[in-house]
Protein chains: 2
Amino acid sequence: MKKNFGILILSCLLLLLTNADALAQRTPSNLVSPEIHPDGTITFRLKAPNARKVVVSGTWSPKSFRSVEMVKKDSIFEAVVGPVVRDAYEYEYIIDGIPTLDPNVNLVTRDGAWIQNMLIVPGEASKVYEVNDVPHGSLQTIWYPSPSLNANRRMQVYLPAGYEDSKDSYPVMYLLHGGGGDEECWLSRGRANIIADNLIASGAAKKMIIVITNGNFQTPAAPLNRNSTMSIAGGIGAMASGKFEESMVKDVVPFIEKHYRVKADPQHRALTGFSMGGFQTQNISNANPTMFKYIGVMSMGLFSSALRGASDYSKDKHVAQLKALIQAKPAVYWIGMGKDDFLYDSGVKLRALYDEVGLHYTYVENEGTHDWNSWRMYLKTFMPLCFQ
Amino acid sequence: MKKNFGILILSCLLLLLTNADALAQRTPSNLVSPEIHPDGTITFRLKAPNARKVVVSGTWSPKSFRSVEMVKKDSIFEAVVGPVVRDAYEYEYIIDGIPTLDPNVNLVTRDGAWIQNMLIVPGEASKVYEVNDVPHGSLQTIWYPSPSLNANRRMQVYLPAGYEDSKDSYPVMYLLHGGGGDEECWLSRGRANIIADNLIASGAAKKMIIVITNGNFQTPAAPLNRNSTMSIAGGIGAMASGKFEESMVKDVVPFIEKHYRVKADPQHRALTGFSMGGFQTQNISNANPTMFKYIGVMSMGLFSSALRGASDYSKDKHVAQLKALIQAKPAVYWIGMGKDDFLYDSGVKLRALYDEVGLHYTYVENEGTHDWNSWRMYLKTFMPLCFQ
């Protein structure tokens with residue numbers, strides 16, 4: 001009875017907030033979707049009386065299921081996907097060509113312009129991506145001055161459970177994102193804080209601080225957290241400048257080491273990132289070989305031209321940097337690459353060069369593309385290797 | 001040239017991540033949308049070759065513009081809305097009956113299941129909702145134990161700029177949300193931290209800590225921040241229990257006063273919320289009349305039956321509570337209500353009762369419904385009244 005009153009009032013409220021079409025779509029119905037079955041198959045259902053073609057598109061493996069056309073029966077479109085690997089996935093509906101969120105689901109993540117639903121197929125392998133009953137670290141969303149970029153910028157800092165009530169100092173992982181992303185994507189889509197909570201709670205990883213910056217040097221903060229009239233030049237286009245890398249070394253690391261209880265030495269600094277962040281990870285650790293003892297390059301290889309734009313690539317200079325890095329003896333140099341990544345060949349070149357100069361690395365190659373399923377898995381894999 | 005390489009690589013990346021239909025929709029085009037004109041009109045454009053009917057639906061004033069059918073020309077739907085009041089707005093497209101985000105825009109906010117785009121029409125009146133070049137406070141997303149609910153729960157804490165580098169103690173505002181919402185909506189849709197940054201920077205409001213909890217007692221955290229297999233009973237249906245109110249008093253306030261530098265007395269505690277949060281604000285301040293000197297009830301009036309479910313409403317008990325509250329001399333008792341709010345009549349009844357018993361209040365009535373434009377404005381109005 002309580003609940004009926006509640007639903008009645010909620011319905012009135014919704015009716016006032018939007019129009020009848022949208023309300024009909026959002027009113028709780030008997031439509032269960034997505035329905036995740038014990039065998040790892042997923043049934044998607046969407047009520048779309050006027051649509052002609054609906055595709056459910058998701059990041060699941062195997063790839064053969066990635067885009068499945070749904071079958072219309074009366075006004076409901078339906079498709080069964082899988083069985084899929086037990087993991088966290090992004091998905092969306094493409095209704096007559098338009099990408100659309102699942103209208104009955106409030107689980108939404110964002111990486112740049114990519115706003116999609118998320119689902120988790122429960123199982124042993126996906127447990128690390130779940131919010132479990134373990135101690136949770138805190139997140140701080142802060143602004144810091146970046147003199148080298150002449151800007152105030154926003155970043156996210158994960159503090160492991162117990163930080164506030166202890167007097168300990170902690171190691172720090174700097175975690176970089178890809179082109180088009182921002183300081184929110186490793187939390188929204190990457191579940192970095194949840195992965196860290198779980199790995200730390202199980203003892204698989206050491207307690208650490210994780211720092212997530214905005215890797216586009218012209219962009220001080222994520223959308224809606226910067227002035228709405230600010231025009232932002234394209235993210236990945238700015239990769240070649242080296243400016244973000246400079247700000248990391250001159251501004252971010254010193255700020256973190258001043259404002260948090262941090263073990264401020266190379267043995268307690270890790271640096272990793274995917275795609276553009278993997279490029280920046282290389283640039284930073286190549287130019288500052290003694291700064292980080294733990295280095296992780298995700299889904300990125302050797303770029304001798306394209307991503308460097310007008311700047312000249314010099315193999316001699318690169319080799320000299322790598323020799324200095326070998327001298328500095330990184331504790332872990334880790335590389336992860338998906339077999340179907342469009343940057344796969346660049347990874348082959350990078351490893352060939354490292355083999356040539358004698359830089360030792362750990363290499364993980366997975367069934368995957370240039371995607372968040374890989375990046376979450378890489379973080380889960382790299383984090384336990386750090387600070388041991 | 002740099003940029004062209006970047007776009008090339010980005011395009012390859014996008015192609016791999018989704019299918020061609022969605023890619024075509026998301027590929028940067030010449031389509032400018034929304035285009036906000038200096039006179040306060042907005043042109044919306046959407047490429048949807050296969051759609052029959054598209055409506056752009058937004059929260060703007062005047063209300064006559066709220067749902068506007070777009071006109072199709074070739075494959076582009078277009079509509080001009082306004083001129084609208086200079087404010088921040090939520091909007092979405094309804095494509096053949098399905099609510100859809102603007103596929104070219106990454107500005108998205110969420111309140112419960114309501115996931116929509118946001119835009120800001122620039123102007124003097126909307127400047128308080130903008131990220132301006134002022135000192136920014138920090139946000140802490142933390143978990144706290146709630147013994148009275150037998151759960152660990154997530155909340156958001158805004159710390160004013162300068163908190164970390166000072167030794168001062170600060171007053172605290174507890175800010176509650178509506179039914180269906182969670183601990184993220186006052187930040188995502190409500191822009192509470194941005195409003196606070198601006199009001200504090202201009203001197204209009206005192207520096208204060210703002211605490212945003214999850215008001216649904218059965219729900220420990222927002223979607224994707226709780227276990228995905230957890231089944232959650234409906235939010236607003238739980239309003240009648242009084243359990244959240246108990247946890248605020250017994251768990252939240254003591255936790256905040258223990259873990260932050262807080263002026264822990266009634267003169268430095270404010271409590272406010274909208275809709276369900278306005279009901280909870282009444283319940284908490286009625287049952288604990290000496291606890292908060294600043295009380296704000298947004299978009300909520302007197303509920304003698306429906307929202308109380310099976311529990312009996314006793315006017316005698318209510319009046320006795322209000323008399324105790326009068327005795328406790330609140331510094332500010334503030335009420336805000338939109339003229340077209342579906343709860344307007346309940347507000348009339350509440351004010352009549354307050355007049356009858358002699359509880360003084362400040363009343364603001366605005367052109368508005370039960371909506372975020374009102375709630376952001378109420379926060380902007382109420383915050384400067386606190387702790388003066």
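A: The expected span of a helix is 1.5 Å multiplied by one less than the number of its residues. With that rule in hand, helix 8 of chain A, covering residues 344–357, can be examined in this predicted model. The helix has 14 residues, and the distance from its first C-alpha to its last is 20 Å, close to the 20 Å expected at 1.5 Å a residue.

The next matter is how the residues of this helix are covered. Those that are buried in helix 8 of chain A are A:Ser346, A:Gly347, A:Leu350, A:Arg351, A:Leu353, A:Tyr354 and A:Val357. When the helix is viewed down its axis, these buried residues fall within an arc of 160°, and they therefore line one face of helix 8 of chain A.

A:Ser299 is found in the loop between strand 16 (294–298) and helix 7 of chain A. Is A:Ser299 buried or exposed? Its relative accessibility is 0%, and A:Ser299 therefore counts as buried, the limit being under 20%. The side chain of A:Ser299 makes a polar contact, at 2.8 Å, with the side chain of A:Trp375. Apart from neighbours within four places in sequence, the residues in contact with A:Ser299 include A:Ser275, A:Gly336, A:Met337, A:His370 and A:Tyr378.

Elsewhere in chain A, strand 3 (residues 54–58) shows burial of another kind. This strand is mostly covered, with 5 of its 5 residues buried. The covering applies to both faces of strand 3 of chain A: A:Val54, A:Val56 and A:Gly58 are buried on one side, and A:Val55 and A:Ser57 on the other. Strand 3 of chain A pairs in the antiparallel sense with strand 7 (residues 88–95) over 5 bridges, and A:Tyr91 in strand 7 is the bridge partner of A:Gly58. Strand 3 of chain A also pairs in the antiparallel sense with strand 4 (residues 67–69), over 3 bridges. There, A:Glu69 is the bridge partner of A:Val55.

Chain A also holds an open sheet of 4 strands, in the order 1-2-6-5, with antiparallel pairing. Strand 1 (35–36) and strand 5 (71–73) of chain A stand at its edges with a single partner strand each, so one side of each has no neighbour in the sheet. Strand 5 of chain A runs antiparallel to strand 6 (residues 76–81), to which 3 bridges join it; A:Lys72 has A:Phe77 of strand 6 as its bridge partner.

Chain A as a whole gives these parts their setting. It has 9 helices and 18 strands, and 60% of its 388 residues count as buried. Among contacts in chain A between residues at least 6 apart in sequence, 73% join residues at least 24 apart.

Finally, the confidence of the prediction should be stated. The mean pLDDT of chain A is 90, with 89% of its residues at 70 or more. For the complex, the predictor gives an ipTM of 0.93 and a pTM of 0.94. Over residues 1–19 of chain A, however, pLDDT stays under 50, although the model has 33 contacts beyond four places in sequence for these residues. Where pLDDT is low, the predicted coordinates should not be read in detail.

Methods:
Residues are numbered from 1 along each chain as its sequence is written. Chains are lettered from A and ligands numbered from 1 in the order in which they are written. This is a predicted model: local features need pLDDT of at least 70, side-chain atom pairs count only at pLDDT 80 or more; totals for chains, interfaces and linings use all residues. Side-chain values use heavy atoms; hydrogens and water are left out. Buried means under 20% relative accessible area, exposed over 50%, partly exposed in between (1.4 Å probe, protein chains only). Helices (H or I, at least four residues) and strands (E, at least two) are DSSP runs, numbered from the N terminus. Two strands pair if DSSP finds at least two bridges between them. The arc is that of the directions from the helix axis to the C-beta atoms. pLDDT is the predictor's confidence in each residue, from 0 to 100. Contact means heavy atoms within 4.5 Å. A polar contact is a pair of N or O atoms within 3.5 Å; within protein, one must be able to donate a hydrogen and the other to accept it, and residues adjacent in sequence count only if both atoms are side-chain atoms.
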